[in-house]
Amino acid sequence: GDHRDLHKEYRRQRQMCIRDRFIRMNDGISLNGPEKRNAVICKFADEVRSLATEYESLLKVYFTPADINRRNGDDFIAGLALVYFHGVGYTISDKTLWSAYAAGSTEDNLVHKFVEDFRKFINTFPDATVIPNKNTVLDLFSIVKELNDNGYTIEDSSEFMDRFLEVNAELIVDETKHHYNSGRDATYKELLRSREVRFNNLRYSLIIAKGEFDPTKYAVKSCL
């Protein structure tokens, strides 16, 4: 009966979601992108929704209860999934998120791998909630993914986190303007306000280069 119970629970969740949507539509509140995507029936939507529920205590650090109700936490996790599958140089936009939510997309087919590694990531850094900005969580996630892709496993996660936070603290008070677009520049602190791809790329390289943060110092290379 386990499988049936699970199915029942899943149907109940879906009905709750649908009910919430109708309530809001009746109140004249138009649905945002994350809410519309949440209603899609595919593995990717299901898994993102479950992770958002499971890790609500982490999301609460960065999102108000109203934002969480409007699925902005799901949207944040879906953005991490895009970085996971395509790297930090990939655009996280309404368009790329919609294509991830398409049944049969790469993200949809391989979402179980993301879920497994996302859990691993949270277990490696149980104190991730000390990170002051959600886009810094994205940066940490990108750095860890890159490490893993290069065959490294983090050995000393608390030293890793301490150094990562130290570098961030130094960069946040640094008033240097960094060039990110023709004729446009921003301080590191200003770069934290968005997960726009140019900002993500620039923050990533500043943490590693300017912050002299060498993630491999806290990791071991696994023998293949």
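Helix axes are lines fitted to C-alpha atoms over the stretch in contact, and angles between N-to-C directions run from 0 to 180 degrees. The model is predicted: local features need pLDDT of at least 70, side-chain atom pairs count only at pLDDT 80 or more, and totals for chains, interfaces and linings use all residues. Residues are numbered from 1 along each chain as its sequence is written, and side-chain values use heavy atoms, with hydrogens and water left out.

Helices are DSSP runs (H or I, at least four residues), numbered from the N terminus. Helix α11 (residues 157–173) packs against helix α13 (residues 197–210) at about 105°, with the axes 10 Å apart. The two are therefore roughly perpendicular (65 to 115 degrees). Contact means heavy atoms within 4.5 Å. From α11, Phe164, Val167, Asn168 and Leu171 meet Leu206, Ile207 and Lys210 of α13. These contact residues comprise 5 nonpolar, 1 polar and 1 charged.

A nonpolar core is a set of buried Ala, Val, Leu, Ile, Met, Phe, Trp, Tyr and Cys residues joined through side-chain atoms within 4.5 Å. Buried means under 20% relative accessible area, with a 1.4 Å probe and protein chains only. The largest such core holds 62 residues. Phe44, Phe114, Phe118, Phe125, Leu140 and Phe160 have the most contacts inside it. Helix α6 (residues 72–86) supplies the largest share of this core, 9 residues. Beyond neighbours within four places in sequence, Phe118 touches Leu51, Tyr55, Ile77, Leu80 and Phe141.

Helix α6 also contains Asp75. Asp75 is buried, at 14% relative accessible area. Neighbours within four places in sequence aside, Asp75 contacts Pro34, Arg37, Leu97 and Arg195.

Key: Buried < 20%, exposed > 50% of the residue type's maximum accessible area, 1.4 Å probe, protein only. Parallel < 35°, antiparallel > 145°, perpendicular 65-115°, else oblique. Nonpolar A, V, L, I, M, F, W, Y, C, P; charged D, E, K, R; others polar.
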